[in-house]
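Have the sequence and the 3D view open as you read.

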Amino acid sequence: MGLFRKAKHIPALPSFPPEDYEAVIRSSICTGEQVACMRERATGRLHEIMLLRTEEDLASFCRAYGLQADEIKRVY
C-alpha cells in the first residue's frame, strides 16, 4: 500500500580536481566489500564516494568521473 511514498532523492556526486585527487577502489580482504573513493595525492586521505555492489555501480562511477575501469587502482 505505497500510495504516498516519498520520492527518493539521489544526491549529486561531488567534484574533485584530477590534479589533486586520484580514483581508487578500496577493497576489503576479508569480506570482499568494495568502495569507490577519491584519494588526495598530497596526504593519501580517502573520500568515500559510493559502495560498489555490481559492475553496473562501477560503470556509473566511471561515467560520472570520466574514467576507465582498468585505470582505477585497488587499495587493500
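What follows goes through the pocket, the core and a handful of individual residues.

## Ground rules

This is a predicted model, so to speak of local features takes a pLDDT of at least 70 and side-chain atom pairs count only at pLDDT 80 or more, while totals for chains, interfaces and linings use all residues. Residues are numbered from 1 along each chain as its sequence is written, and side-chain values use heavy atoms, with hydrogens and water left out.

## The largest pocket

Rolling a probe the size of a water molecule over the atoms shows where empty space is left. On a 1 Å grid over the protein atoms alone, a pocket is an open set of points where a 1.4 Å probe fits, with protein on both sides within 12 Å along at least five of seven lines. Grid points are joined across faces, edges and corners, and the volume is the space filled by probe spheres set on the points. For the largest pocket, that space comes to about 220 Å³.

Its lining (residues with an atom within 4 Å of a point) is made up of Phe16, Pro17, Pro18, Tyr21, Glu22, Ala23, Met38, Tyr65, Leu67, Glu71, Ile72 and Lys73. Strand β1, residues 21-27, gives the largest share, three residues. Strands (E, at least two residues) and helices (H or I, at least four) are DSSP runs, numbered from the N terminus.

## The nonpolar core

A nonpolar core is a set of buried Ala, Val, Leu, Ile, Met, Phe, Trp, Tyr and Cys residues joined through side-chain atoms within 4.5 Å. The largest one has 14 residues, of which Met38, Ile49, Phe61 and Ile72 touch the most other members. Two or more residues each come from β1, β2 (34-40), β3 (46-52) and α1 (55-65). Helix α1 gives the largest share of this core, four residues.

Take Phe61 as a way in. Not counting residues up to four places away in sequence, Phe61 touches Ala23, Ala36, Cys37, Ile49, Met50, Leu67 and Ile72, where contact means heavy atoms within 4.5 Å.

The side chains of Glu22 and Arg39 are joined by a polar contact of 2.7 Å. A polar contact is a pair of N or O atoms within 3.5 Å; within protein, one must be able to donate a hydrogen and the other to accept it, and residues adjacent in sequence count only if both atoms are side-chain atoms. Leaving out residues up to four places away in sequence, Glu22 touches Cys37, Met38, Arg39, Arg41 and Lys73.

Arg26 also sits in strand β1, but is partly exposed at 29% relative accessible area. Its side chain makes a 2.8 Å polar contact with that of Glu48. Over in strand β2 you'll find Glu40, which is buried at 17%. Beyond residues up to four places away in sequence, Glu40 touches Asp20, Tyr21, Arg45 and His47.

Leu13 belongs to the segment before β1 and is partly exposed, at 38% relative accessibility. Setting aside neighbours within four places in sequence, Leu13 is in contact with Ile49, Ala64 and Tyr65. Leu13 and Leu3 are 10 residues apart in sequence, yet 30 Å apart in space, C-alpha to C-alpha.

Ser15 is in the segment before β1 too, and is exposed at 68% relative accessible area. Ser15 and Ala64 are 49 residues apart in sequence and 9.4 Å apart C-alpha to C-alpha. Gly66, in the loop between α1 and β4 (73-75), is exposed with a relative accessible area of 64%.

Technical notes:
Buried means under 20% relative accessible area, exposed over 50%, partly exposed in between (1.4 Å probe, protein chains only).
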